[in-house]
Amino acid sequence: MEFNQYEVNALMFITNRPQIVFTEGSGMWMTDSTGKRYLDYLQGWAVNCLGHAPQCISDALVAQSKKLINPSPAFFNEPSIALAARLTANSCFDRVFFASSGAEANEGAIKLARKYGKKFKNAAGANRYEIITFDHSFHGRTLATMSASGKPGWDTMYAPQVDGFPKADLNDIASVERLITDKTIGVMLEPVQGEGGVIPATREFMQALRALTKERGILLMVDEVQSGMGRTGELFAYQLSGIEPDIMTLGKGIGGGVPLAALLCREQIACFEPGEQGGTYNGNPLMTAVGVAVADALLAPGFLQSVKDKGAYLRQGLLALSEQHGLQGERGEGLLRALKLGKDIGPQIVEAARNLEPLGLLLNSPRPDLLRFMPALTVTHAEIDQLLAMLSTVMRQLGH
Ligand SMILES: *Cc1c(COP(=O)(O)O)cnc(C)c1O
């Protein structure tokens, strides 16, 4: 395929991409090779929590790259110690393992739970390895995390699957209870299902899940790859329901755009022995130095409150838009929100929004009847107004 001056066939085909090459980004905006600018509500798939190319990330990368890029994971380094300290000081967790992607962090979480299940057998002496996950959940694209995911079609795509991930229904505690056996070691969920269509677990469900898992001696594992790092207005989404899980994974926002992820657990669960977990890039100082800069920005006084305020503002705007165009309302937490279209016009809107002139708008439709918004947490009220105005234009253009 060829467009403008680009010949793109050397890249392996994995999905249909628009004929655009992005060359620059700043805050909520990206620019393509023709100079057209786009208001970006994807932000690298919810990774750029501070927007495109923020100064603090650029500074951290430049400074750290001149000092030390990778001493090997066999040695301690300063930025990984500093970032782990920030994460444990601001959560209910005591130990952190760094990884490079959300899927890798989740693989680590699954291994940690299985190891824990082997070490602490139940009263009957059974080896516990099953982890209950949920329909429509998304945990990554490795074989084990695909098996853990409840995405339709993924059970057969690369069959056979990794065994041991029975699926329950989100917000239905009885469906979880029914699946518990003497082989169960954990329950893993996204506090807000992201790829599944921005479906929050209710406060009551999270609390019931904590009570049930505690009572049955099972680990509660939260995949906060999308919902963590300030996205919901709390630093971590589990804090919305006032519970304390046993294991958490982070990705996306933790690196502000660079490959960084983390697996966290409480001290009594940190049971890996030498050689059982690792990875060439884990905790490398170049990426964890970025993580420190991101964490400091999110923890600055007033920052998380501003996410809550702007989340409420976006919610009001989406509700008004929904009213105006006869849609089905909206849902979400903080700055992870979705507009319910009521009909399968999502992909059509995404394309028309991108093609708006002179300024384009980048959106995502995780399901055909839904639009998802995952702006930078630094988005301004004016940029939210601009989104709503552009969306309204597109809806009129398409006759909705
Ligand atoms: C994106 C995502 C993942 C996978 O993260 P990668 O960095 O793409 O491997 C896992 N879990 C959730 C909830 C996600 O949103």
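1. In this predicted model, domain 1 and domain 2 bury about 2,400 Å² between them. Carbon and sulfur atoms account for 61% of that buried area. On the side of domain 1, Pro54, Glu333 and Leu336 together supply 27% of the area buried against domain 2, more than any other three residues.

2. The two parts follow from the domain assignment of the protein. Domain 1 is made of two stretches, 3-54 and 302-397, whereas domain 2 covers 55-298. Their C-alpha centres are 27 Å apart. The contact draws 27 residues from domain 1 and 29 residues from domain 2.

3. Three salt bridges are counted between domain 1 and domain 2. Glu333 forms a salt bridge with Arg203, and their closest N and O atoms lie 2.6 Å apart. Glu333 is also one of the three residues named above for the area that domain 1 buries.

4. Several elements build the side of domain 1 that touches domain 2. At least two residues each come from α1 (43-46), α10 (303-324), β15 (330-333), β16 (336-340) and β18 (370-373). The most is given by α10, with four residues. By residue class, this side of domain 1 comprises 18 nonpolar, three polar and six charged residues.

Terms used
Residues are numbered from 1 along each chain as its sequence is written. This is a predicted model: local features need pLDDT of at least 70, side-chain atom pairs count only at pLDDT 80 or more; totals for chains, interfaces and linings use all residues. Side-chain values use heavy atoms; hydrogens and water are left out. Domain bounds come from an automatic or database domain assignment. Contact means heavy atoms within 4.5 Å. Buried area is the accessible area (1.4 Å probe) that two parts lose on being put together, summed over both. A salt bridge is a side-chain nitrogen of Lys or Arg within 4 Å of a carboxyl oxygen of Asp or Glu. Ala, Val, Leu, Ile, Met, Phe, Trp, Tyr, Cys and Pro count as nonpolar, Asp, Glu, Lys and Arg as charged, and the others, Gly among them, as polar.
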